[in-house]
Amino acid sequence: MSETRRIAVEDLDNIVIRFAGDSGDGMQLTGMQFTDTSAILGNDISTLPDFPAEIRAPAGSLAGVSGFQVNFSNFDIRTPGDAPTALVVMNPAALKTNLSDLDTGGILIANEDAFTPDNLRQAGYAANPLEDGGLKAYRLYKVPITKLVDNALKESPLTFRQKERCKNFFALGLAYWMFSRPLESTLKWIKEKFKKNPDMADANVRALNAGFYYGETTESFEVRYQVRKAKIAPGTYRKITGNEAMALGLLCAAEKAGTHLFMAGYPITPASDILHELAKHRKFGVKTFQAEDEISAIGAAIGAAFGGALAVTASSGPGIALKGEAIGLAIMLELPLVICDVQRGGPSTGLPTKTEQADLLQAICGRNSESPLAVIAPATPGECFDMAFEAFRIATKYMTPVMILSDGYLANGAEPWAVRKLEDLPEIPVVHPTRTNGDGAFLPYKRDPRTLARPWAIPGTPGLEHRIGGIEKADVTGNVSYDPDNHEHMVRTRQAKVDGIAADIPALEIFGSPSGGDLLVLGWGSTYGAIASAVEQARQDGMDVSAAHLRYMNPFPENLGDVLKSFGRVLIPEMNLGQLRMLVRARFLVDAMGLNKVKGQPFKIKEIFQKILDLRPKSLAAGRRAAVA
Amino acid sequence: MATETATPPALTKKDFIAGQDVRWCPGCGDYAILSTAQGVLPKLGIARENIVVISGIGCSSRFPYYVNTYGFHSIHGRAPTFATGLKLARPDLSIWIVTGDGDGLSIGGNHLIHILRRNVDCTILLFNNRIYGLTKGQCSPTSEMNKKTKSTPLGSIDYPVNPISLALAAEATFIARTLDTDPKHMGKILLQAAQHKGTSFVEIFQNCIIFNDKAFESVSDKTTRPDNAIYLEHGQPLVYGKDGHRAIRLNGWKPEPVTFDGAVPPDGVPVHDETAEDPSWAYLLSRMDHQEGFPVPMGVFRRVHRDTYEDLMTRQIDEARKKLGPDDLQNLLTGEDTWTVSQ
Ligand code: SF4
C-alpha cells in the first residue's frame, strides 16, 4: 500500500450516487454492491434501478444505458433521492442520458477511455464533451478506467474482453474510496460468486482494489466524504426489495395459515422475480408452477385454492388483463386468491422495465359486470411483506380474491427492513368444514352472517360434495339459478361482502394536522416516499399541508370521506392521469386536484414540493387560527 | 385434506347421479356418455369425495352438475388449468376433465397441449361433435372443410384438426377414441383411461342431434360400423370388417386396406402395439381417419409410462427438504447479510 496522503474527509447527511453505463457494463451489480455495503455500514438506503427493456441494446447506444441510483444517509430517508450528488458514467451515452439530472457542482466521474469517436457518435456528440469545456459546471474527474484495469490485470490469464468486463469493479472501488466505504462485503461476495472461476475472482478483486487505490494515490481527488450511521430504530435489519418482501410475505402467510403456498406465474417483467424467489423455496413446501400463459397461471391458482391451498398468481398489467375473466370467476366462486400486479408503464407492452401506477382502474373495474375485488397497495418495498400477508388474511376471512398493486419502483427498489419475527406474526385462521351445514345436502353458499363469507369446503371431505362454477347460483344452495331476484340478490351480496371489509382495516392516518386544515396531499402506493418528504418539508417551512396515504384501495378506509372533508383542498399526486382522483371525486364529490406524471420514473420530492408551493397553502399559524374561529 | 377413510363401501352407479335435472336436448349423445361414466366411476374404488369433475364451457361442460362428486364448471377452454393447479395442490384427488371440440381444441387448445405434455395425472374426456352446440351451431375446429353453418353460410374454409394427432404431438401418454353409440366399448376405454397414471386423453365421437346430426353416421350406425371402423386391440393384427375379412397392410410406411379370406391375415398386416415408445405408429393410425377407403380407428392408440408432473414436483420438494435440512423460515426471513442497530 502506498503512503497515505492527507485528504480532507467531509461529513454529509446523505449522498446520492448514480452508476450509469452500457447494459453490458454491470451497473446494476455495481449499484447493488454499493447498496449492500452501505446498508451493512448502518446507513439508511433507498435505491432506484433503471434499466432498458432490451437485454442487450447495441453497445454504446442511448437505448442501452442502464443506471442504478442509491441514496444513503445518516437519517431516515424515503426515496432514492431527487438528483445524484455523484454520477459515474462509463461511456458517452450514459453521460448524455444522465447529465441533466446532475446538479451544478455535482461530482462527475467519467471513464475517459470509453469516449472514443465511435461511442461519441453513437451518443450523438459532435465533439468530446470531456474535452470541450462544456462540463465546467461540474466537478469532473476523468479517469482512464479501461487502461487502468488493463494495467492492473497485466498478469491475469483472462482475455482482453474478459478483463474489460472488470471495469465496473474499478468504478465501484473508486466510489468506495471516495465515500469511505470498506471493501470487505464486496470482496466476500466476489469470492462466493466466482468460487468456480478463481481467475475471474482474482481479476475482479484486483480491479476493485485498483479503483480504491487510485482514489487514494492520485492527486486528482482533494476530498472524500463520509456518511455516518443512520439513527434508526434498534433492531436487526436486512436489505430487501419489494419483490423479495412480497415473496416472503406470501410464504409467511401460508405458514401462519398452517397450509402450503401455491404460486403460479408466467414470465413477465417486473413480476417474474416473485416466481423466481418462491421457486427457490421448495423445501418449505412451496409449489411453484410456471404456466403456459397468464390465464393458465391464474387458473391453476384457482384450482389450487379449490383444493385448500393458499394460492397466488403474480403478473404485470398486460398479464392482469389476460387474467381478467378468471378473476371474475374467482369472484363468482368466492374462493380465496391473491393476485399481485406489479405495475409497469403501459398500455399494451408499454415500458416493461419502467414504473407506473396506471392499473388502479383496471384492478378495481377491469372485468365484465359487477365484479367487486378487494385491492390493496403497499407504499414501500418493505411494506410488500405486510401487504402480502394482509392479502391472504382478507382473502381467507372473506373468501374473496384480493389484488395487491405493487409497481416496478417498489419491486426492484430496496430499503433496509427490520427483520420480522415469525412468532410476532398473527395466525391466519383457516377453517375447512367437515360437516354439512344444512339439514340434508351441504350448502356451499350459506354465508357467515358477519363476514358474508361462504364456507371453504374442500374436495376430499366426505359428505360435502358440491359443485361450483361461473354460472349464477342460487343463494345458499349454490345450484344454478337464472332467477332474476336471486341474481340481483347475489350481485348485491357479493358487493356487500367486499364493502364490509372496510370495517376490518385500519383507519386512514393523517400526517400533519389530524383535525384537518388547508391542503391535504393524498397518495397511494409507491409515491409515499416523495409525498411524505415533500409534505414534511412544507410543514417545516410553515405551510398548512398534511399528507395521508391509502393502502386500501377497495374498499377505502371508512374514514376517508371525513378526512377529505376536513381539508379545504385535496391534491392527489399519481403516476397516471388521475385514476385515484376519479374514484375519489366519484365517491365523495370532493373536487380533488391532480399532480400527474407518466414518465416511467417515480416522483421527485421537489416536483411534489413545487406543486404544493404553487398552490400557496395557508401558513400553519393561519390555519390554526381558522380552526379556532 | 385427503381423508383416511377405510376402503369405501362398494359404490354403485346410483351414488354418482346428482339430483339436478339433466338439461341436454332429448336424443343428445351426451346422455350416453354421462351414463357410461357414472357406471365406470364405482369400479375405480375411489371414494366419491376424492373425485373432482372439472369442465369448461359448452354443452358437454354441464357434465359436473350431473355427477355426484366434487365438481367445478369453469370458464371457456380453461378446465385443464384448474385441473393442473388442483392436482398439484392435492395429488390425492382423482380428477376428470370434460371438454368439447370447441372448448378443448379452439379456445382452450393451448392448455390442452400443455396439460398433455406435462402429464398431469387426470382423465380428459373430449366430446367431439364437430360443432358448437351451446351457441347454436357454428363450425368448430373439427368440422369438416366446406361445412355450411350459421357462421359459414358459404361453407367453412378451415382445415379441421385431428384430436388424436394433436394429442400425439403433445406427447400424451394415454390416447384413445370411442363413441357414444357403443357404451360397452366406451365403458372399457373410460376404465382404462381412469386407471392410467398420467394424462389420459379420450376423444368421444358424440352426436349433436340438433346442430350436426349424423356427423359420425358411418361409424355410429351399428350396421355400417364394422366396415367403417377398426377396433384397435393391443397385440392384435389390424383386422376389421363385418366378417373379419378386411385388414390394413403396411407397404413401407404406407398403410393400405386389403381384403382376405378371414383366416390368416396376409403378410405385412401389423400387430397393434399401444405401448410403443415411438409415437410414429400411433400417428400413422391417427391419419387413417379422413382417407378414402380407410376405417376409423377406435380404441387405445397409445399407452406409455412417464413420471407425472405432480410426482416430479413432490419429489423435488422431498429432495429439497432432505438436502437443505429442516425448514427454518425464520432463517430465510433474516437472510444472510444483516446488521444490528443498537441504541
Ligand atoms: S345442442 Fe347438440 S350437443 Fe348440445 S345438448 Fe343439444 S344435442 Fe347435445
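First, the ground rules. The model is predicted, so local features need pLDDT of at least 70 and side-chain atom pairs count only at pLDDT 80 or more, while totals for chains, interfaces and linings use all residues. Residues are numbered from 1 along each chain as its sequence is written, chains are lettered from A and ligands numbered from 1 in the order in which they are written, and side-chain values use heavy atoms, with hydrogens and water left out.

Let me start with the sheet in chain A. Helices (H or I, at least four residues) and strands (E, at least two) are DSSP runs, numbered from the N terminus. Two strands pair if DSSP finds at least two bridges between them. Here, 5 strands of chain A make an open sheet with mixed pairing, in the order E18-E20-E19-E22-E23. Strand E18 (510–511) and strand E23 (593–596) of chain A each have a single partner strand, so one side of each has no neighbour in the sheet. Inside the sheet, E19 (residues 517–524) and E20 (residues 545–550) of chain A are parallel and share 6 bridges. In that pair, Val521(A) is opposite Ala547(A).

Helix H19 (residues 579–588) of chain A lies across E19, E20, E22 and E23 of chain A, at about 145 degrees to E22(A). Helix H20 (residues 605–614) of chain A packs on the sheet too, touching E19, E20, E22 and E23 of chain A, and makes about 150 degrees with E23(A). For these angles, axes are lines fitted to C-alpha atoms, for helices over the stretch in contact, and the angles run from 0 to 180 degrees between N-to-C directions.

Next, the interface. Arg118(B) forms a salt bridge with Glu292(A), with the closest N and O atoms 2.8 Å apart.

Now salt bridges within a chain. Over all chains the search finds 49. One of them joins Asp202(A) and Arg206(A) at 2.9 Å. These two residues are 4 apart in helix H8 (residues 198–217) of chain A, which means about one helical turn separates them.

In chain B, Lys87(B) and Asp121(B) meet at 3.8 Å, N to O. Lys87(B) is in helix H3 (residues 79–89) of chain B, and Asp121(B) is in the loop between helix H5 (109–118) and E4 of chain B, 34 residues apart. Are they buried or exposed? Lys87(B) is buried at 3% relative accessible area, and Asp121(B) is buried at 15%. Buried means under 20% relative accessible area, exposed over 50%, and partly exposed in between (1.4 Å probe, protein chains only).

Definitions and conventions. Contact = heavy atoms within 4.5 Å. Salt bridge = Lys/Arg side-chain N within 4 Å of Asp/Glu carboxyl O.
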